[in-house]
Amino acid sequence: MMLQTKGLSRNFGGLQAVDNVTMGIREKTIHAILGPNGAGKTTFFNLITGAIPPASGTVSYLGKDVTGWSPERLANIGIVRTFQRTSIFTKLTALENVSLAIRSRKGLNFSIRRSSVIERDVEEEAQRCLEAVGLGNKGRVVAENLAHGFQRSLDVAIGLALHPKLILMDEPLAGMSRGDRQGIADLILKLRDEMGLTVVLVEHDVGMVMSLSDTITVMQYGKVIAEGPPDAIRQDAAVKSAYLHGSFAS
Ligand SMILES: Nc1ncnc2c1ncn2[C@@H]1O[C@H](COP(=O)(O)OP(=O)(O)O)[C@@H](O)[C@H]1O
Ligand SMILES: [Mg+2]
């Protein structure tokens, strides 16, 4: 397994948000986490990306124990999270946004004297990240002027700038139009198939999850209630009963 949690738990006071979750993510797969609101999906993400520490349990990545590591340290070894609203600087251009992420990966900052060679390298790499997400011709556009769907793609480009091996997306399709959703879905497939990345996503669009994912883990009340390929999950009795009226809408 590329990423493996064992007995991962986290409570908020008396509420057990993530309860003894053992989950393995295979390399170069798209692995979705499904579950009703409040199931603990985002908290699970927060635990494996270092945003909050677990109460108990372990996280290992490529065989290494990374439990309790900070998001920055995890990013350095390839675990990157996208779709955090805060990752885009709205007043900067798309190219500047990605360049900043590259500079932070390289440990460059604005206080050191700029070398034009470094600047050119950074900019060229930023342009390649934009091209990878279909924003090759949007580099000079100020982020806040990008259409909603393009801003999501920019978020992915910023993530790619950190050289991820494992990319985690919390509700990448939320609030998007049908057409934009397909664009992001295509991008997620491209991340796996053309860039060799591993993708973990939380998503409410069950149709999209079923068509995109190699593996689905279903959570309810902080626990894993089912795991398997989409076809098995679709048939699963525990999954059906976790959702009202046996449908997947949540
Ligand atoms: N920082 C927090 N403080 C207190 N309770 C929280 C906090 N974060 C999440 N919770 C609670 O933990 C449970 C799981 O939440 P969450 O992980 O956001 O679920 P999901 O993403 O599946 O909707 C919910 O009951 C939520 O209210
Ligand atoms: Mg959530």
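**Close-up views of a predicted model**

**View 1. Asp19 and Lys223 form a salt bridge between their side chains, with N and O 2.6 Å apart.** Asp19 belongs to strand β2 and Lys223 to strand β10 (residues 223-228), so the pair ties together parts that are 204 residues apart in sequence. Strands are DSSP runs of E with at least two residues, helices are runs of H or I with at least four residues, and both are numbered from the N terminus. A salt bridge here is a side-chain nitrogen of Lys or Arg within 4 Å of a carboxyl oxygen of Asp or Glu. By this rule, the count is eleven salt bridges.

The model is predicted, with local features needing pLDDT of at least 70 and side-chain atom pairs counting only at pLDDT 80 or more, while totals for chains, interfaces and linings use all residues. Residues are numbered from 1 along each chain as its sequence is written, chains are lettered from A and ligands numbered from 1 in the order in which they are written, and side-chain values use heavy atoms, without hydrogens and water.

**View 2. The shell around ligand 1 includes Phe12, Leu15, Pro36 and Thr43.** A residue counts as near the ligand if one of its heavy atoms lies within 4 Å of it. β2 (15-25) and α1 (41-48) each supply at least two residues of this shell, and α1 gives the largest share, three residues.

View 3. A polar side-chain atom of Lys41 is 2.8 Å from an oxygen atom of ligand 1. Polar backbone atoms also lie by ligand oxygen: that of Gly38 at 2.7 Å, and that of Ala39 at 3.1 Å. Taken alone, ligand 1 exposes 560 Å², of which the protein buries 58% (Shrake-Rupley method, 1.4 Å probe).

**View 4. Arg73 lies over the face of Trp69, 3.6 Å from the ring centre.** A charge sits over a ring if NZ of Lys or CZ of Arg is within 6 Å of the ring centre and within 35 degrees of the ring normal.

Key:
A polar contact is a pair of N or O atoms within 3.5 Å; within protein, one must be able to donate a hydrogen and the other to accept it, and residues adjacent in sequence count only if both atoms are side-chain atoms.
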